[in-house]
Amino acid sequence: MGNDAQIQLPGNSTQDRVVRTNDLHTVNRTVKTLEFQGLLWSCSLKRICLSALWLPLGALIFCYITASLFQADDIHETHCRVYNVVPSISAITGISPQRYVWRICIAYHLGPRLLIGSLYYNYHKDRTSLIVEEKARVLAIKLGDACYWLNLIELLALTGVTYVSNRENYYAHEKIFIIFMVASLLHMLCRARVGCIASDVVEPVRTNKIVWILFFVAILATLGLIIFFLRHRLLCRPLAFTWFSICEYILATINMAFHAIVVRDLPTHELQVVFPTHVKTN
């Protein structure tokens, strides 16, 4: 007597397995495409410009404090070896490690400065288009172009005096510094002049009076810079280099303020990255 053990499988088990397998491999292949449209990024122009201002200003303060505390003998040494109290900007930014901090901050400072120059170029271009008189309009166009190129020359010179230290190559550093000073003063003059052309027809630039004040103060500081430099180099007078350095710090502060007043001319503007409304199709 034998009991036959039988395992009874459902008749459709093989078909069920096939169906389940097909279900596992059946995946929804629909992939959604992310379209980068609309506003992707925005930043206040005021924030960008103030950041560009604080980079060199903060680096200058850092270099002055640290160099005065830890490397006083190096930064107070002068050509004539006379008594000196205030070191020059070249002295405090030409030693290590301060030179690296200064160079890094200036490198990040150059980008926003290029942006500011382009903004003012278009700003003056729009204002010039409203001038009716032909002679005044042509003069305004030439001054606007001069502002743009002088700003570019000033930035190139600033890069030169930053990365060519007076300790490494004094002759080149001195010549580049002169180019920077001339370009900076001419830039101020052209900006002040173009901002008030045809003021009886078009409203002057909001900060035009401030630019004139900064320009005249810069002229006085430049005269003091030249006088005290000659007194130091030719006559070796004590404290002459100190007054030279003071004039240099005044000029540096004026230059920073001159480029920062864009926040008053364009106080509510923003820099944005947006998808264009009309896209060219190939």
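This is a predicted model: local features need pLDDT of at least 70, side-chain atom pairs count only at pLDDT 80 or more; totals for chains, interfaces and linings use all residues.
User: In what order do the elements run?

Analyst: From the N terminus on, they go α-β-α-α-α-α-α-α-α-α-α-β.

User: What share of the residues is buried?

Analyst: The protein has 282 residues, and 39% of them are buried.

User: Let's do helix packing. At what angle do H6 and H7 pack?

Analyst: About 155°. H6 covers residues 134–163 and H7 covers residues 170–194. Their axes lie 8 Å apart.

User: So are they roughly parallel or roughly antiparallel?

Analyst: Roughly antiparallel. An angle over 145 degrees counts as that, so H6 and H7 fall in this class.

User: Which hand is the crossing?

Analyst: Left-handed, for H6 passing H7.

User: What sort of residues make up that contact?

Analyst: The contact of H6 with H7 has 18 nonpolar, 6 polar and 3 charged residues.

User: And H5 with H6? How do their axes cross?

Analyst: At roughly 180°, and the axes come within 10 Å. That makes H5 roughly antiparallel to H6.

User: Which classes of residue are in that one?

Analyst: The contact of H5 with H6 holds 13 nonpolar, 8 polar and 5 charged residues.

User: New topic: aromatics. How many pairs are there?

Analyst: The structure holds 10 aromatic pairs. One of them is Trp212 with Phe215.

User: Why is that pair called edge-to-face?

Analyst: The planes of the two rings stand at 80°, so Trp212 and Phe215 are edge-to-face. The cut-off for that label is over 60 degrees. The ring centres are 6.2 Å apart.

User: Where do the two residues sit?

Analyst: Both Trp212 and Phe215 are in helix H8, which spans residues 208–235. They are 3 residues apart, about one turn of the helix.

User: Is Phe215 buried or exposed?

Analyst: Phe215 is buried, at 9% relative accessible area. Trp212 is partly exposed, at 24%.

User: How is the Phe229 and Phe244 pair arranged?

Analyst: Tilted. The planes of Phe229 and Phe244 are at 45°, and the ring centres are 5.7 Å apart.

User: Which helices does that pair link?

Analyst: Phe229 is in helix H8, and Phe244 is in helix H9, residues 240–260. The two are 15 residues apart, and the pair links distant parts of the chain.

User: How accessible are those two?

Analyst: Phe229 is partly exposed, with a relative accessible area of 22%. Phe244 counts as buried at 10%. The limit for buried is under 20%, so Phe244 makes it.

User: Which residues form an aromatic cluster?

Analyst: Tyr121, Tyr148 and Trp149 form one.

User: What about charges over rings? Where does the charged end of Arg191 sit?

Analyst: Over the ring of Tyr120, 3.8 Å from its centre. Arg99 also lies over a ring face, that of Tyr100, at 5.8 Å from the ring centre.

User: Backbone next. Which peptide bond is cis?

Analyst: The one from Ser96 to Pro97, with omega near 5°.

User: Where is Pro97?

Analyst: In the loop between helix H4 (89–93) and helix H5 (98–128).

User: How accessible is Cys236?

Analyst: Cys236 is partly exposed, with a relative accessible area of 32%.

Terms used. Residues are numbered from 1 along each chain as its sequence is written. Side-chain values use heavy atoms; hydrogens and water are left out. Axes are lines fitted to C-alpha atoms, for helices over the stretch in contact, and angles run from 0 to 180 degrees between N-to-C directions. Helices (H or I, at least four residues) and strands (E, at least two) are DSSP runs, numbered from the N terminus. Angles under 35 degrees count as roughly parallel, over 145 as roughly antiparallel, 65 to 115 as roughly perpendicular and the rest as oblique. A crossing is left-handed if the near helix is turned anticlockwise from the far one by less than a right angle, and right-handed if clockwise. Ala, Val, Leu, Ile, Met, Phe, Trp, Tyr, Cys and Pro count as nonpolar, Asp, Glu, Lys and Arg as charged, and the others, Gly among them, as polar. Rings of Phe, Tyr and Trp (its six-membered ring) pair if their centres lie within 6.5 Å; planes under 30 degrees apart count as stacked, over 60 as edge-to-face and the rest as tilted. Buried means under 20% relative accessible area, exposed over 50%, partly exposed in between (1.4 Å probe, protein chains only). A charge sits over a ring if NZ of Lys or CZ of Arg is within 6 Å of the ring centre and within 35 degrees of the ring normal.
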